[in-house]
Amino acid sequence: MIPHRYNQSSMLRRLQTKDVGPAREMDLALGSRLNVLTGDNGLGKSFVLDLVWWVLTGRFAGTPALPSGGTPQLTYEGTTNERGTAGYLFAHQAWSWNDVEGRGPRGSVIYLGAERLAAFVLYRNHFPSASLDLAVDDARIHEPSAFVFEGSELWDGKYDHSGRPLCNGLIRDWVNWMRARALEGASAARPTAFELLERILDVLSPNDREKLVAGEPRRVTIGDSREIPTLETPWDSKPVPVTLASAGVRRILELSYMLVWVWQEHQQIAELLHQPLQRELFLLVDEPETHLHPRWQQKILPALMAVAEVLDPELNLQLFVTTHSPIALASVESLVDPARDRLFHFEDRGDKVRVETLDWIKHGNALGWLASEAIGLVGGGRSLDAERAIQWADAFMLGKHEEIPEAMRSREALDAELRRVLAGDDEYWTYWFVPEGDVAR
């Protein structure tokens, strides 16, 4: 059996596009550890995750990228003299690599998006041989190019057309790992799968008072004979089945399971093929704050940066994250390293989308990040009525009375409106001053 060729310690270093996606041209000098993508909806942040997945796995997880201009091109570079350029063949409606050097799988990949749950397990999944100039034997061809989970497959199991189990799914694996740990006992040399799952759940928990702690599995319904994993909570009399957990908890459980399952699969397949472990992991997460309480949003990005250490102290993680959360951005201020971490902002310039690399500036808190270039929400997130009243009040103090509705062209009317829409301790009160009885004319 001919194993996959892989690139040792090869993270992505650069991604460039032309005439593909919302941005006409894009040039991202990537960080070797953390890459955060910010900006308004529909400007291409999630699209970049799709492109990164394609570069790392050789195939798109969903609909292939379509050209937005006449000369579509994508170029990437790795950290070990690896590069590739792909163009779009309009006649075949497909992408083709036409200039590559050292291209091959770099490590295992996990993609957790709003509409995407996918994994590429190095050595098990089939990297396209056309990009490798390497023959692949018939046995390997039958392995999937990646695991793209649809519907409940990540929870209930994924099978091929013949019924062969490709992945047991979260419910069965959780219970099996738990039972196996009880039989095998702890191993200092190599933690069991369930020990890793417990550690990942601990790291990704919202806080010290609300730990994600596994309880005893139990049957839940008449129509399902499986034992269902449970989580202990301080407010329920008995552990809660994971199938009944909230949307935010379920998403964290999916991420935790995928991290452990992909790493365990890679270790087991490496042993079967007598191949070395590849200690590179790529994690793509679209809006990790989705469904999470603000306290949990404050924890999630630092936790994602820490998961590699939990899986294996020697594991290198390159993380790609999109976010709209000022809380999440504020949470990593003290952790970022400008040499390894990047912050990108996607901006609508009217006739085009521009992508800029921003400096990691400390804005202090979520309010500071709201007004930063990364988000650009002026006014600290007040209500629309409050922002409109402040705009009128500013115009009044500047003498720009034509910008104010006629009913609001007096100090008394504006003062009453400001009192209606602003909190008593709002900072704007320190700016609002007009002599008593002044009226716009």
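Modeller: Start with how a packing angle is defined: axes are lines fitted to C-alpha atoms, for helices over the stretch in contact, and the angle between N-to-C directions runs from 0 to 180 degrees. Keep in mind that this is a predicted model.

Colleague: At what angle do helix α5 and helix α6 pack, and how far apart are their axes?

Modeller: Helix α5 (residues 193-204) and helix α6 (residues 247-273) make an angle of about 140°, and their axes are 9 Å apart. The crossing of α5 past α6 is right-handed.

Colleague: Which residues make the contact?

Modeller: From α5 come Ala193, Leu196, Leu197, Ile200, Leu201 and Leu204. The α6 side includes Ile252, Leu255, Tyr257, Trp263 and Gln264. Sorted by class, the contact of α5 with α6 has 13 nonpolar residues, two polar and no charged ones.

Colleague: How many residues of α5 are buried?

Modeller: Buried means under 20% relative accessible area. Nine of the twelve residues of α5 are buried, so the helix is mostly covered. Among them are Phe194, Glu195 and Val203. The cover over the buried residues of α5 includes α4, β12, α6 and α7 (294-311).

Colleague: What span should α5 have?

Modeller: At 1.5 Å a residue, the twelve residues of α5 should span 16 Å. The end C-alpha atoms of α5 are 16 Å apart, which agrees with that expectation.

Colleague: Now the sheet. In what order do the three strands run?

Modeller: The order is β12-β13-β14, in an open sheet with antiparallel pairing. β12 (213-218) and β14 (240-241) stand at the edges; each has a single partner strand, so one side of each has no neighbour in the sheet. Between β12 and strand β13 (residues 228-232) the antiparallel pairing runs over four bridges. Within this sheet, Gly215 stands opposite Thr230 in β13. Helix α4 (residues 170-184) packs on the sheet and touches β12 and β13, its direction making about 100° with that of β12.

Colleague: Take a single residue as a last case. Is Val109 buried or exposed?

Modeller: Val109 lies in strand β7 (residues 108-113). Its relative accessible area is 1%, which means that Val109 is buried.

Colleague: Which residues does Val109 touch, leaving out those up to four places away in sequence?

Modeller: Val109 touches Trp53, Leu56, Thr57, Ala118, Ala119, Phe120, Phe282 and Leu284. As for C-alpha distances, Val109 and Ala146 are 37 residues apart along the chain, and their C-alpha atoms are separated by 9.4 Å.

Methods:
Residues are numbered from 1 along each chain as its sequence is written. This is a predicted model: local features need pLDDT of at least 70, side-chain atom pairs count only at pLDDT 80 or more; totals for chains, interfaces and linings use all residues. Side-chain values use heavy atoms; hydrogens and water are left out. Helices (H or I, at least four residues) and strands (E, at least two) are DSSP runs, numbered from the N terminus. A crossing is left-handed if the near helix is turned anticlockwise from the far one by less than a right angle, and right-handed if clockwise. Contact means heavy atoms within 4.5 Å. Ala, Val, Leu, Ile, Met, Phe, Trp, Tyr, Cys and Pro count as nonpolar, Asp, Glu, Lys and Arg as charged, and the others, Gly among them, as polar. Buried means under 20% relative accessible area, exposed over 50%, partly exposed in between (1.4 Å probe, protein chains only). Two strands pair if DSSP finds at least two bridges between them. The expected span of a helix is 1.5 Å times one less than its number of residues.
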